[in-house]
Amino acid sequence: MADRVALEDLVRVQGERVRGLKQQKASAEQIEEEVAKLLKLKAQLGPDEGKPKFVLKTPKGTRDYSPRQMAVREKVFDVIISCFKRHGAEVIDTPVFELKETLTGKYGEDSKLIYDLKDQGGELLSLRYDLTVPFARYLAMNKLTNIKRYHIAKVYRRDNPAMTRGRYREFYQCDFDIAGQFDPMIPDAECLKIMCEILSSLQIGDFLVKVNDRRILDGMFAVCGVPDSKFRTICSSVDKLDKVSWEEVKNEMVGEKGLAPEVADRIGDYVQQHGGVSLVEQLLQDPKLSQNKQALEGLGDLKLLFEYLTLFGIVDKISFDLSLARGLDYYTGVIYEAVLLQPPARAGEEPLGVGSVAAGGRYDGLVGMFDPKGRKVPCVGLSIGVERIFSIVEQRLEALEEKVRTTETQVLVASAQKKLLEERLKLVSELWDAGIKAELLYKKNPKLLNQLQYCEEAGIPLVAIIGEQELKDGVIKLRSVASREEVDVRREDLVEEIKRRTSQPLCIC
C-alpha cells in the first residue's frame, strides 16, 4: 500500500510537470518525452477498482446552467427574439458543423480558433465558428437573394477561455441579418436601431455603439503607406486599441509585423480620433483621405447613415471611432460594436468602455465566395453577445438579492384533508387540459401547511384547495399566496378565474 501511495505521488508530480511545460509553451519534443514518462508511471500504477475512472467536470470553456440561470437566459432571449420579430425577421437553423472548406479563410487571424472534427467517413468537418458564414453558405446553396433572418444557436471556438469575463469555447450567438440589394444605409441603420432597442430593453447599463467603415480603414492604410499585403494584419492590431494603449499597438505593428515607424505614426494620427457627424465632415475635407476613392465612398455612406440614425432617435448612442477595425476578414463596409460604459471616476472625465456586448457590419462579398458563378448578395447584420449579457443580468439579480422564478406554474392543486388524492388528480388534469400551468405534490396525504410552504418557495401565486365541504358544495377554495385571501369559486368557473388572476406577464428581473 505504501508503494502505491509513493507511486501516486510520482504520477501527480509528473502530471504537474507536464502541465507546467505546456503552459510555458515548451518544445513539442520535451513535452512528448515527459508525457511518455507520465504514461509509464501510470502503467505501473495499474487500475484501482476502488476509484472512479472519470473526472466529474464540464470540458474546459463550457458550463452547466442551473434552473435559475436558465430562467434568466430565457428572459434575455425573449427580449431579443421579440425585437427581431418586431422588425420582421424570419428564423432559420443550420448544422452545428460545416465542411471544413466552408469555414477556412473567412476569419483572418482567428481561423486558428476553428474546432476541427476527426474525419469520420470522407468529409473533413469543423464546428461552426459563428452564424454568419453558415448563413452565407445557406443563401448561396438555396440561391436566395433577399431575406431578413434571425438565428440563435451555439458556436464553438478553440480559444483560451476567460469564463469570468463571459468568454467560452461553447456559447450562444444571437444574429440578425438583412440580405438583398437595397438603397444605401437603410438596412444598416435598422441594424443599429435594433441593437440599441435590445440593449435599452435589457437595462444592463449605459452603452455606446462605435461605428466605422472598412473602406475608410483601407483608404487610411493606403494613404499612410501600409503595403496592400499587410492591410488585414495591421487591421487586427488597430482593433486592439480598446484594450491596450496606442504605444503597445504601435510596438506590435513595428516590432512583430514589420511596419515602418513613420507609417505607424501616420496611422496613429487617424485612429485616435472619434466623434460624431462633424468628424465625418472633417475627414471629407482631409487633404490625403479625400483623395482616396474607397475612403471617400465610406465617408459619404457614413454621413448618410448619421442622417438616418438621427431620424431613428439613436444618434446620441453612436460614436464614429476610427480605431474600430473588427478583425473578421469578411467585412466590406460599415462596421459597429456596442460597449457598456463605466461611469467616469471623476466629474468631467469621459466614461470608459468596459466590454463589447454586440457587434456587426456589412459583408457584401461573403455569399459570392460560395456561389459557383460568384454572384454577390449584399448583406448586413448584427450579433448580440448574450453570454456577457447573461453574466451581467445574473450579477445584478444577485446584488439586488432578487428571487428568480424557475417555473411558470400558475396554481398548486392542494387538499385540506386526507384521502383526497383522486380528487386532486382529477382537478389537476382538468386544469392541464384547459391550458393552465398546474402542479400537485406527489404525496397521498400531504399536510396543507407543507403545500402552502411549497408555493411560497416556488413563487406559485395561487392554490386551489379541495376539501370535503367544497366537494359537496361544488366549489374550489382559491387562495392567493401573497395576500392569503381565500374565495370560493364554482368549479366550472375556476379556469377563467385562474386565467384572469394570472394574466400579468411573468417577470424575473
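**View 1. The open sheet has five strands, in the order β13-β12-β14-β15-β16, with mixed pairing.** Its edge strands are β13 (438-439) and β16, each of which pairs on one side only. Helices (H or I, at least four residues) and strands (E, at least two) are DSSP runs, numbered from the N terminus. Two strands pair if DSSP finds at least two bridges between them. The model is predicted: local features need pLDDT of at least 70, side-chain atom pairs count only at pLDDT 80 or more, and totals for chains, interfaces and linings use all residues. Residues are numbered from 1 along each chain as its sequence is written, and side-chain values use heavy atoms, with hydrogens and water left out.

**View 2. Strands β12 (residues 411-415) and β14 (residues 462-466) pair in the parallel sense over five bridges.** A414 stands opposite I465 in β14. Helix α15 (residues 421-433) packs on the sheet and touches β12, β13, β14 and β15 (contact means heavy atoms within 4.5 Å). The direction of α15 makes about 160° with that of β12. Angles run from 0 to 180 degrees between N-to-C directions, and axes are lines fitted to C-alpha atoms, for helices over the stretch in contact.

**View 3. K143 lies in the loop between α5 (132-141) and β4 (147-156).** Its phi is near 55°, a positive value in a residue other than glycine. Most residues other than glycine have a negative phi. K143 counts as exposed because its relative accessibility is 64%. Buried means under 20% relative accessible area, exposed over 50%, and partly exposed in between (1.4 Å probe, protein chains only).
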